[in-house]
Amino acid sequence: MKKLIIQKKPLTENIQKIVSHAQKGGAQVIAMLKGNGYGLGICEFARLLLQNGVKLLAVSEFCEAKQLRDGGIDAEIILLSPMCDLREAEEAVRLGIICAVGSEESALVLDLAASQQNRRVRAHVCLDTGFGRFGFLPHDMAAVEQVLAQMKNVDVEGVFTHLSDAFGKEEHSRAQFALFQRAAAELEQAGYVFKIKHICNSCAFLRFPDMYLNAVRVGSAFLGRLPVRNTLGLEKIAYLESCICEKKTLPKGHNIGYANTYRTKRETTIAVIPVGYKDGFGVQKSNDAFRFLDILRYIYADVMAFVRDNAIYVTVNGKRCRLLGRVSMFNVIADITDVEAEVGDPVRLECNPILIDSAIEREYI
């Protein structure tokens, strides 16, 4: 037995704090629901957001938008990744999705999809101000205007970009913001009227209130999981729950787990818990940046982990218990020598919800 427990009370409080703070800054919240709603279950999370003042949802993939519609969510949904697949574009138009346009290809495909159905489709213009992913490059806005002018069945109502370093050096975000403002102003001078402008993600939302414009995109902040200072007092809201499936006592000097990384230092009572990296527990993002400065940071982090207690702990019957050995695919082993516990007792495991396998049951309590 294992499931991801989502605590509705702190999650609801997080949503309300974020919506209120955005409104004070003159902005509406666009709730990001990528990655199965950051692991919370996309439709369940969407309903809770809509019940607490959020009116506009956003996703990264077409399949996520379709999942929301299939789940009965009839709110406005923005698909932030421009599409070049005609079949997906046709379905997005049919479902009333607000689409992103960030290239000539995506503009023509979306216009064709709308034309074939004799419908109009709403769209936001995506600008690449320094992320190097989707979006028109803003150095030649005249060319962008020519592309947009070709669309006869698309109503452009928004414009946005994505910050590449909102959790890092402020100067990077400031430069992107200035470039975005100039590019958007050129389009406005050409006659486009943008009801919605958005640049801030969760980190920028907390750090740069002067960049709110009239909408902010918030995702990870709802979960209280942020790499920047948590100025709103947002709480973490989810954990994995499993149970003890085996209990036994091992002698001193007995190996535990793969690679012989741990041997008991005394007679030890252990609990086997049926949760592993297959479920997303104990999984971490890789060190995938290779600048010299990044390498130094990784080395520093590894050294600090070596000198401090870097063990993983779980909670059994209210007591904190250390995991022994490595996290395996299907199980972890906890030291319950000093805990009153039996097979079947519940175990709480702290986790990042977005990494938890979507096949695991989500339960809102």
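This is a predicted model: local features need pLDDT of at least 70, side-chain atom pairs count only at pLDDT 80 or more; totals for chains, interfaces and linings use all residues.
Helices (H or I, at least four residues) and strands (E, at least two) are DSSP runs, numbered from the N terminus. Residues are numbered from 1 along each chain as its sequence is written, and side-chain values use heavy atoms, with hydrogens and water left out.

Is threonine 264 buried or exposed? At 4% relative accessibility, threonine 264 counts as buried, where buried means under 20% relative accessible area, exposed over 50%, and partly exposed in between (1.4 Å probe, protein chains only). The side chain of threonine 264 reaches the backbone oxygen of proline 251 at 2.6 Å. Setting aside neighbours within four places in sequence, threonine 264 is in contact (heavy atoms within 4.5 Å) with Leu250, Pro251, Lys252, Gly253, His254 and Ile256.

Now let us turn to strand β3 (residues 56-59). Leu56 and Ala58 point one way from β3, Leu57 and Val59 point the other way, and all are buried. Which strands flank β3 in pairing? Strand β2 (residues 28-32) pairs with β3 in the parallel sense over 3 bridges; two strands pair if DSSP finds at least two bridges between them. Here methionine 32 stands opposite alanine 58 in β3. Strand β4 (residues 76-79) also runs parallel to β3, joined by 4 bridges, and leucine 57 stands opposite isoleucine 77 in β4. Together, β3, helix α4 (residues 62-70) and β4 make a right-handed β-α-β unit. Right-handed here means that, with the strands pointing away from the viewer, the path from the first strand over the helix to the second runs clockwise.

Next come the charged side chains. A salt bridge is a side-chain nitrogen of Lys or Arg within 4 Å of a carboxyl oxygen of Asp or Glu, and by this rule the count comes to 16 salt bridges. Take arginine 174, which is partly exposed at 29% relative accessibility. Glutamate 170 forms a salt bridge with arginine 174, the closest N and O atoms being 3.0 Å apart. These two residues are 4 residues apart in helix α8 (residues 170-189), which means that about one helical turn separates them. Glutamate 170 is itself partly exposed, at 38%.

Arginine 174 also meets aspartate 210 in a salt bridge (2.5 Å, N to O). Aspartate 210 lies in the loop between α9 (202-207) and β9 (215-218) and arginine 174 in helix α8, so this pair ties together parts that are 36 residues apart in sequence. Aspartate 210 is partly exposed, with a relative accessible area of 46%.

A further salt bridge links lysine 247 with glutamate 342, their closest N and O atoms lying 3.3 Å apart. Because lysine 247 lies in strand β11 (residues 246-250) and glutamate 342 in the loop between β17 (332-335) and β18 (346-349), the pair ties together parts that are 95 residues apart in sequence. Lysine 247 is partly exposed at 34%, and glutamate 342 is partly exposed at 45%. Elsewhere, salt bridges that share partners join Lys2, Lys278 and Asp279 into one network.

Terms used:
A polar contact is a pair of N or O atoms within 3.5 Å; within protein, one must be able to donate a hydrogen and the other to accept it, and residues adjacent in sequence count only if both atoms are side-chain atoms.
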